[in-house]
Amino acid sequence: QVQVVESGGGLVQAGGSLRLSCAASGRFFSVNVMGWYRQSPGKERELVATVSTAGSTNYADSVKGRFTISRDNAKMTLYLQMNSLKTEDTAGYYCSVGYWAISGGPYSDSWGQGTQVTVSS
């Protein structure tokens, strides 16, 4: 099973930047897609960005051009560089890791506990 821990959230003024990190650890055969999601009170969790093992990325329209997702496969770490932050980016940010625990086994995903990002005006 994969354990996921996010870090890097905090309070920042609009227009500022933050960098989130997500460390994955545990026993597994292979990790596939890793991604960031966010959720605000009263709203459903939404996709922010994903990145495949090969480096292919996918972004929500609302963050394109401002956020950059990247991963270090050797360190099993995922990053989210967030620039030009807006008040509407305020949310809990969650890391998701897709993986196979054993070769030929079922595909699973693990989630972290989240890290809060608050953008003030």
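Trainee: Do β4 and β5 pair in the parallel or the antiparallel sense?
Mentor: Strand β4 pairs with strand β5, residues 46-51, in the antiparallel sense, over five bridges. Two strands count as paired if DSSP finds at least two bridges between them. Strands are DSSP runs of E with at least two residues, helices are runs of H or I with at least four, and both are numbered from the N terminus.

Trainee: What should I know about the model itself?
Mentor: This is a predicted model, in which local features need pLDDT of at least 70 and side-chain atom pairs count only at pLDDT 80 or more, whereas totals for chains, interfaces and linings use all residues. Residues are numbered from 1 along each chain as its sequence is written, and side-chain values use heavy atoms, with hydrogens and water left out.

Trainee: Back to β4 and β5: how many residues lie between them?
Mentor: The two strands form a hairpin with six residues between them. In the turn, G42 has a positive phi of about 80°. R38 has E46 in β5 as its bridge partner.

Trainee: Which residue stands opposite W36?
Mentor: That is C95 in β9. Strand β4 (residues 30-39) and strand β9 (residues 91-100) are joined by eight bridges in the antiparallel sense.

Trainee: And in what order do the strands of the open sheet come?
Mentor: The order is β1-β3-β8-β7, four strands with antiparallel pairing. The edges are β1 (2-7) and β7 (67-72), each of which pairs on one side only. Neighbouring strands are turned by 15° against each other on average, direction ignored; axes are lines fitted to C-alpha atoms, for helices over the stretch in contact, and angles run from 0 to 180 degrees between N-to-C directions.

Trainee: How many bridges join β3 to β8?
Mentor: Six bridges join β3 (residues 18-26) to β8 (residues 77-82). L20 stands opposite L80 in β8.

Trainee: New topic: why is T115 called buried?
Mentor: T115 is buried because its relative accessible area is 11%. Buried means under 20%, exposed over 50% and partly exposed in between, with a 1.4 Å probe and protein chains only. T115 lies in strand β11, residues 115-120.

Trainee: What does T115 touch?
Mentor: Leaving aside neighbours within four places in sequence, T115 is in contact (heavy atoms within 4.5 Å) with residues including E6, G9, L20 and Y93.

Trainee: Where does the charged end of R45 sit?
Mentor: It sits over the ring of Y94, 3.8 Å from the ring's centre. R45 also lies over the face of W111, at 4.9 Å from the ring centre. The rule requires NZ of Lys or CZ of Arg within 6 Å of the ring centre and within 35 degrees of the ring normal.
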